[in-house]
Amino acid sequence: MKVLAIATRKGGVGKSTWTQYCVTTLFHILYKKGKKVALIDFDDQRSLANKRAKEIKSKQVVEALSEIFEDYEERLKNLYPLYTFGYQEYLEKYDKLQQHFDYIFLDFPGRIEKEQKAILETIDKVAIPIVADELDIESGVSYMKMCDTLNIKCGWFLNKEANTTFNRRIKATAHENYFQKANPNIEKIPGKESELLSIRERPEMYRKNRSTIIPFDDPEQNVYHLIKYLIN
Ligand SMILES: Nc1ncnc2c1ncn2[C@@H]1O[C@H](COP(=O)(O)OP(=O)(O)OP(=O)(O)O)[C@@H](O)[C@H]1O
Ligand SMILES: [Mg+2]
């Protein structure tokens with residue numbers, strides 16, 4: 001089993017959004033191969049579990065799925081599980097999870113607590129979203145340092161890219177001048193043509209396509225780049 005996360009110390013940078021896209025898409029990619037994925041949500045507001053419950057009852061969602069997959073009924077019955085766990089609960093269930101799943105994704109709340117350390121140590125790879133504002137860069141860097149200390153493989157990508165001078169500067173120079181100094185093994189997650197994965201600011205589109213059931217038909221293939229980085 002591989003334990004994966006899109007995570008950082010900062011809130012509101014797209015962790016849950018991109019985690020959901022990745023898990024839902026990966027579930028469908030692996031479905032026929034009999035490989036199993038699960039999503040573990042450490043946020044006790046249960047927003048993802050509630051969303052799934054709503055989506056299952058939605059005619060529109062079922063119809064949309066039926067347009068993509070002939071075996072949509074079977075897929076609906078066997079959807080990947082979405083667990084809301086506390087940290088201790090996750091550790092207790094870890095061995096069982098390991099027996100059942102090939103990939104699990106962890107979705108953390110946007111704050112770091114001491115008890116997360118034991119959880120972080122179970123992770124194989126982290127993708128760190130960076131949104132280019134000064135505060136976010138700092139929290140991203142401290143997360144990179146922590147991954148180095150705990151020996152967790154990690155890479156970064158730019159999210160909510162806007163055409164600003166600061167954004168261009170981050171893209172051009174932050175990796176060498178800043179991030180590698182915090183974590184010598186940090187990787188640039190590759191996107192199109194192996195350049196740094198940089199996801200544009202597109203609020204409407206990303207809100208509209210969030211589903212725990214339908215794979216994200218991503219015109220820019222960002223979700224595939226993220227999945228590829230994480231599972232390899
Ligand atoms: N590339 C993007 N362009 C525009 N909006 C985006 C993009 N990626 C994510 N968002 C939006 O940013 C908001 C915050 O995203 P999300 O909830 O995924 O963040 P988070 O890191 O999980 O936050 P928290 O730490 O509070 O859990 C959401 O409204 C989401 O739709
Ligand atoms: Mg979140």
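Reader: What makes the approach of tryptophan 18 to ligand 1 a polar contact?

Author: Happy to explain, with the note that this is a predicted model. A polar side-chain atom of tryptophan 18 lies 3.4 Å from a nitrogen atom of ligand 1. The cut-off for a pair of N or O atoms is 3.5 Å, so the pair counts as a polar contact. The backbone takes part as well: an N or O atom of valine 13 is 3.1 Å from a ligand 1 oxygen atom, and one of arginine 200 is 2.9 Å from a ligand 1 nitrogen atom. Overall, the protein covers 80% of the 640 Å² of accessible area that ligand 1 has on its own.

Reader: Which helices and strands each supply at least two residues of the shell around ligand 1?

Author: They are α1 (15–30), β6 (153–161), β8 (198–200) and α9 (203–208). Helix α1 gives the most, with four residues. In total, 18 residues surround ligand 1, and Lys15, Ser16 and Thr17 are among the closest. The shell divides into five nonpolar, seven polar and six charged residues.

Reader: How do you know that phenylalanine 108 touches Phe42?

Author: Touching requires heavy atoms within 4.5 Å, and Phe42 is listed among the residues that phenylalanine 108 touches, including Ala5, Lys15 and Tyr87. Phe108 is also one of the residues with the most contacts inside the largest nonpolar core, which has 40 residues. Helix α7 (residues 134–150) gives the most to this core, with seven residues. Another core, of 37 residues, lies apart from it and includes Leu4, Leu39, Val61 and Ile199.

Technical notes:
Residues numbered from 1 in each chain as written. Chains lettered and ligands numbered in written order. Predicted model: local features only at pLDDT ≥ 70, side-chain atom pairs only at ≥ 80, totals over all residues. Heavy atoms only, no water. Near = heavy atom within 4 Å. Polar contact = N/O pair within 3.5 Å; in protein donor to acceptor, adjacent residues only side chain to side chain. Areas by Shrake-Rupley, 256 points an atom, 1.4 Å probe, with all protein chains shown as cover. Nonpolar A, V, L, I, M, F, W, Y, C, P; charged D, E, K, R; others polar. Core = buried A, V, L, I, M, F, W, Y, C linked by side-chain atoms within 4.5 Å. Buried < 20%, exposed > 50% of the residue type's maximum accessible area, 1.4 Å probe, protein only. Lists of a residue's contacts leave out its neighbours within four places in sequence.
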